[in-house]
Amino acid sequence: MKEKQISYYAQRAHEYEKIYHKPERQEDLRKLELLLPQWVEAKSVLEIGCGTGYWTQFMSQTAKSILASDINEAMLEIARSKSYPNIPEFMALDYEQLDEIEGQYDFIFAGFVVSHIRRENLTDFLSKLSRRLKRGGEIIFMDNAFVEGSNTPISETDKHGNTFQERSLEDGSKYKVLKNFYETADWNNEVNNLIDFAKIGLTYFYLLRIKT
């Protein structure tokens, strides 16, 4: 399943940013594009799942440094081709390999990543992230809130509560993609740190802030 999802995103790389063109999401996106540079100002940032570098470019305006990682080379190729105020370091890396990264960071950002983590693996994912975070640091998850008519419908739910969508690419190929839509209660069960499940007036996205 995971290999198929990696293949899906490799094939989707050159059409990926069209998701940011949806008219109804523009107001939310402008808010997020302004917030991220404020939060990472003068901080060392580890970005998980940087994809095409869409969010990397906003954080690079103010961050002290950025290590932007993604499992998919097709995505990283596009990310590396962009212009950045402060040039990030890019690395091909799966979240399961986070222990291979040296050092710790002030700020960890994962945009549209946690929704692709299986619910039964969420605790392990959070543990791996926390080991890369400095004391007093912060983790932010940005992800989709499910809004009927804007999101692809859920096509399947497994015994663990993981949900899946059937997605089509421009070439007509179809893929079953893991896409979990977490709610406040999910995080209250997983995280003991100071936590803020923040929508900040958002409709189509949410922000989860975990401070240590």
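Which residue in E7 does Ile154 stand opposite? In this predicted model, the residue facing Ile154 is Gln165 in E7. The strands concerned, E6 and E7 (residues 163-168), pair in the antiparallel sense, and three bridges join them. Together with E8 they make up an open sheet of three strands, ordered E6-E7-E8, with antiparallel pairing. Strand E6 (154-157) and strand E8 (174-178) are the edge strands, each of which pairs on one side only. From one strand to the next, the twist averages 35 degrees. Helix H1 (residues 2-12) lies across E7 and E8, and its direction is at about 120 degrees to that of E8.

H1 also contributes to the largest pocket, where it supplies four residues, the largest share of the lining. The space in the largest pocket amounts to about 710 Å³. Its lining consists of 33 residues, and those that lie nearest the pocket centre are Gln5, Tyr9, Ile71, Val113 and His116. Two or more lining residues come from each of H1, strand E1 (44-48), strand E2 (65-70) and strand E4 (105-111).

In general, strands of a sheet pair through backbone hydrogen bonds, in either a parallel or an antiparallel sense. E1 and E2 run parallel and are joined by five bridges. E1 also pairs with E4, again in the parallel sense, over four bridges. Ile48 takes part on both sides: this residue stands opposite Ser69 in E2 and opposite Ala110 in E4.

E1 is mostly covered, with five of its five residues buried. In a regular strand, side chains alternate between the two faces of the sheet. In E1, Ser44, Leu46 and Ile48 point one way, whereas Val45 and Glu47 point the other way. Both sets are buried, Glu47 included.

A further set of buried residues is found in helix H5 (residues 122-130), namely Leu122, Phe125, Leu126, Lys128 and Leu129. These residues lie on the same side of H5, because the arc they cover around the axis is only 160 degrees. As a general rule, an α-helix has 3.6 residues a turn, so residues three or four places apart point the same way.

Definitions and conventions. Residues numbered from 1 in each chain as written. Predicted model: local features only at pLDDT ≥ 70, side-chain atom pairs only at ≥ 80, totals over all residues. Heavy atoms only, no water. Buried < 20%, exposed > 50% of the residue type's maximum accessible area, 1.4 Å probe, protein only. Arc of directions from axis to C-beta. Pairing = 2+ DSSP bridges. Axes fitted to C-alpha atoms, helices over the stretch in contact; angles between N-to-C directions. Contact = heavy atoms within 4.5 Å. 1 Å grid on protein atoms, 1.4 Å probe; cavity = no way out; pocket = protein on both sides within 12 Å on 5 of 7 lines; lining within 4 Å. Points joined across faces, edges and corners; volume = space filled by probe spheres on them.
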